[in-house]
Amino acid sequence: MNLDFSDEQKQLRDQVRRFLSEKCPPAAVRKILEGSSAFDRDLYLGLAELGVLGAAIPEEYGGVGLGDLELCVIAEELGRVIAPVPVSSSIYLTAEFLLMSGSEAQKACWLPKVSSGEVIGTFAFNEGQGRMTPDKVQARVEGGKITGTKAPVADGSIADFAIVAARDEADGISLYLVKLDDDGVSRDALESIDPTRDQARLTFDGCPAELLGGQGDGWHIASVVMDRAAILLAFEQLGGSDRAMEMARDYALERIAFGRQIGSFQAIKHMLADMYVSATLARSNCYYGAWALASGASERPVAAATARVSATTAFQQCSKNNIQVHGGMGFTWAFDCHLYYRRSNALALALGGLSTWESLLIERMSAGDTESAA
């Protein structure tokens, strides 16, 4: 069994890495962090021109028609540079909802625009803190109009449309496509630890909502798509982990203290070793998730939770230890360490926090689930 990416996929990785090294250096991330823009629009449109946004979208809908493994490769590279773009919301989630459950008219209308970067999509799911369960969904659709509040919504301030989980007239959970520029939608930006990734509160007050998928199927569809997105986000976290570890290693080799490289001190060696072990374990679990994602294996729910837990832990440990290796300078605004620490904590809460995915992993392994149980 080949447990590595193919030569073609590695060539794709190299191409995306070269593009991002030029277009998304740390200075570009800082520009978004310190400025008024919610994301790097030029970078986002550049990714569209490169074919990144449409990588896994079929050619008949304006995409490139690659597969899930190629999307995993791309996700890791975006994570390495902590790209300030809404790819996770628009591509990992929204595009997949449309592909999985959208009507032919919905796909033809929205997927080419998503692929070209013309529009941005988001998934409005959460209502308050803690693990989302069906009984927590209070947003409701009656007579084709949606009412309720969703928060936090990743990229909610910049999205053009949203896939919203809400109660239908039969009191089941269904998914609805909502245009966010319609009357009856208000947005409030939320503060977060990572301002390079937008978070917002969306309030719906009787705005039009178009059913996506079958009525009452929303929870199941959302569970499957969120498992897929969890694997892709895990690859972003893996990329961030590796880059944070490289930053710590390079600094340990060049920084001199007491006449020696600080990398020669045992305490620094231990931190670097812990980072390496954590990142390597995460890579193994991410590759397991990639295999399950691409093959449609019945183990995908367990693989998704495993990759998510492992990659979250690795990114948080690597970004934290990177600061420690840099010492006092690592805590300053001038160094880039805090950029990765911010992103690690922001991604740890995406799609539900670490405790949610730990619970899901335990539940799925205990039950031997072959279907998503989110």
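Hi everyone, let's start with Ser 115: leaving aside neighbours within four places in sequence, Ser 115 is in contact (heavy atoms within 4.5 Å) with Ala 48, Leu 53, Gly 54, Ile 57, Gly 62 and Gly 63. Please keep in mind that this is a predicted model, where local features need pLDDT of at least 70, side-chain atom pairs count only at pLDDT 80 or more, and totals for chains, interfaces and linings use all residues. Residues are numbered from 1 along each chain as its sequence is written, and side-chain values use heavy atoms, with hydrogens and water left out.

Ser 115 sits in helix 6, residues 104–116; helices here are DSSP runs of H or I with at least four residues, numbered from the N terminus. Is Ser 115 buried or exposed? Ser 115 counts as buried because its relative accessibility is 6%, and buried means under 20% relative accessible area with a 1.4 Å probe, protein chains only.

Now to the nonpolar core, meaning buried Ala, Val, Leu, Ile, Met, Phe, Trp, Tyr and Cys residues joined through side-chain atoms within 4.5 Å. The largest one has 102 residues, and Leu 47 and Phe 97 touch the most other members. Helix 7, residues 218–254, gives the most to this core, with 14 residues. Not counting residues up to four places away in sequence, the partners of Phe 97 include Phe 123, Ile 163, Leu 212 and Val 225. There is also a second, separate core of 14 residues, with Met 245, Ala 248, Ala 252 and Leu 272 among them.

Thanks, happy to chat!

Methods: Buried means under 20% relative accessible area, exposed over 50%, partly exposed in between (1.4 Å probe, protein chains only). Helices (H or I, at least four residues) and strands (E, at least two) are DSSP runs, numbered from the N terminus.
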